[in-house]
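Keep the viewer open while you read. We start with one pairing, widen to the whole chain, and then visit a few single residues.

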Amino acid sequence: GEGRFRALLHAPLEAQHRHEGEAAPVEGLRWFSVRQRQLLTAPPEEDDRDLREGWVLPVLTQTGQDADAESQQDTCPSCQTKDAIRFLGSAVATLLSVTLSTLFGDGALDPAEKKALVFTDSVQDAAHRAGFVESRSHVLTLRSVLRAAVDDAPIALDALVNEAIRQAGDDPFSRFRLVPPELAEREEFAPFWRKEKVREVPSVVATRVRRRLLFDAVLEFGLQSRVGRTLEQTGSVVVEVEAGLPAKLAAIGRSALDKAELQDALDGHGYTDARLVAWVRGTLEHLRERGAIEHEWFHRFVKEDGNRYRIWGGRPRSQGMPAFPKGRSAPAFPRVGPTLKTKDPLLDPVTSPQSWYARWTARTLGVQPAFGAKLARLLLDALARADVLRAASTDSGGTVYAIPASPVVV
């Protein structure tokens with residue numbers, strides 16, 4: 001959490017291109033001297049012994065006047081995406097939950113044997129371990145439920161949630177597994193699994209459970225899809241944004257270029273359909289991985305330009321929405337419009353040359369990042385007009401884009 005921390009990404013190809021003079025200077029390229037524990041602005045001479053023996057490594061890191069602030073925000077030195085650097089490790093509580101979940105998830109284990117005796121140092125530790133294991137067990141169980149609902153055919157995200165509820169059927173235990181442990185005993189949710197038959201569950205309760213289950217699925221296949229042992233990370237499922245055939249994606253990309261009045265490449269090759277499809281699909285998948293999937297609980301959050309209060313203290317607790325306090329990754333919807341003066345911006349700016357969208361456009365189309373920002377804005381607008389994305393206005397006069405749940409296919 002300190003600004004003086006620096007993430008270093010190994011960058012041998014960037015260093016090679018710089019050495020051969022094939023590309024423009026790469027922002028943030030430095031050379032890390034392992035023995036001296038220093039960052040060098042230029043590589044040593046080719047006959048330098050440390051360089052030849054691998055003790056000087058080319059790296060990408062945060063540089064410039066904003067380096068401390070970017071490091072505090074865990075900004076990636078390569079793609080400049082905020083909240084994208086993670087420390088990986090296994091604490092005792094994590095190892096315990098993984099071990100118990102693996103053992104108790106064995107189909108050959110007798111239910112009567114599903115008991116564990118855990119030794120801790122204090123009452124506080126015992127309460128923490130119990131709560132942690134319970135929470136993690138629900139996450140892993142929910143993944144199993146969602147995986148079973150996918151079966152072997154592609155299914156849309158909202159239809160996946162309906163199928164998971166249908167498969168639970170009249171079995172109270174199966175229905176209990178769909179409800180988070182912190183909500184299971186609350187009167188707003190308890191009738192969902194306490195009733196003998198699913199038809200006896202009040203419709204308002206069933207709607208409440210479906211809303212929360214859809215929210216969990218949105219996180220599993222969106223914001224949290226690349227962190228931990230998710231269904232996508234373990235290779236159990238594949239997730240993508242279904243936006244039509246490649247010809248449609250290419251047409252959407254070309255319409256954005258036409259609006260920018262971009263002159264085609266002088267060498268006659270121009271922008272091929274494959275290049276445009278890569279640009280559009282990369283943008284859509286980035287939206288999904290950043291959690292920009294539509295859900296009714298995010299409407300006020302988006303309308304107020306990413307006000308954290310709407311997903312923290314002011315969230316609809318009675319409906320079962322979990323909190324997103326500081327320190328927890330929040331959905332980053334792309335935003336176009338007037339610059340916001342806030343210390344904790346949660347929405348992703350699109351029109352800044354430093355934004356991921358500008359850099360991705362520059363990389364795929366070979367334009368300058370400043371012009372890439374303009375093209376990225378036009379692309380999001382074209383995707384909204386093609387009904388691939390949904391656009392919403394904010395209180396500050398900006399526009400925020402989101403992916404509907406139905407085009408997210410598992």
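Which residue in S3 is the bridge partner of Trp31? It is Leu40. The model here is a predicted one. Trp31 also has a partner in S4, namely Pro58.

Now follow the strand around that residue. Strand S2 covers residues 29-33. It is joined to S3 by three bridges, and the two run antiparallel. Ser33 stands opposite Gln38 of S3. The pairing of S2 with S4 is antiparallel as well, and it runs over five bridges. In general, strands of a sheet pair through backbone hydrogen bonds, in either a parallel or an antiparallel manner.

Is S2 largely enclosed or left open by the rest of the structure? Four of its five residues are buried, so S2 is largely enclosed. Buried here means a relative accessible area under 20%.

Next, the whole protein. It has 14 helices and ten strands. The C-alpha trace spans about 70 × 55 × 40 Å along its principal axes. There are 410 residues, and 41% of them count as buried. Take the contacts with a separation of 6 or more: 61% of them come from residues 24 or more positions apart. The protein carries 54 positive and 55 negative charges, and their mean positions are 5 Å apart.

Now look at the backbone in two loops. Gln80 is not a glycine, yet it has a positive phi of about 65°. It lies in the loop between helix H3 (67-72) and helix H4 (92-104). Is Gln80 buried or exposed? Its relative accessible area is 14%, so Gln80 counts as buried. Asp151 is not a glycine either, and its phi is positive at about 60°. Asp151 is placed in the loop between helix H5 (123-150) and helix H6 (157-168). Its relative accessibility is 51%, so Asp151 counts as exposed. The cut-off for exposed is over 50%.

Last, go to Thr399. It is found in strand S9, which covers residues 399-402. With a relative accessible area of 24%, Thr399 is partly exposed. That class lies between the buried and exposed limits. What does Thr399 touch, not counting residues up to four places away in sequence? It touches Pro334, Arg335 and Val336, along with Ala391 and Ala392. Thr399 and Asp381 are 18 residues apart in sequence. In space, their C-alpha atoms are 9.6 Å apart.

Terms used: Residues are numbered from 1 along each chain as its sequence is written. This is a predicted model: local features need pLDDT of at least 70, side-chain atom pairs count only at pLDDT 80 or more; totals for chains, interfaces and linings use all residues. Side-chain values use heavy atoms; hydrogens and water are left out. Buried means under 20% relative accessible area, exposed over 50%, partly exposed in between (1.4 Å probe, protein chains only). Contact means heavy atoms within 4.5 Å. Two strands pair if DSSP finds at least two bridges between them. Lys and Arg count as positive and Asp and Glu as negative; His and the chain ends are not counted. The place of a charge is taken as NZ of Lys, CZ of Arg, CG of Asp or CD of Glu.
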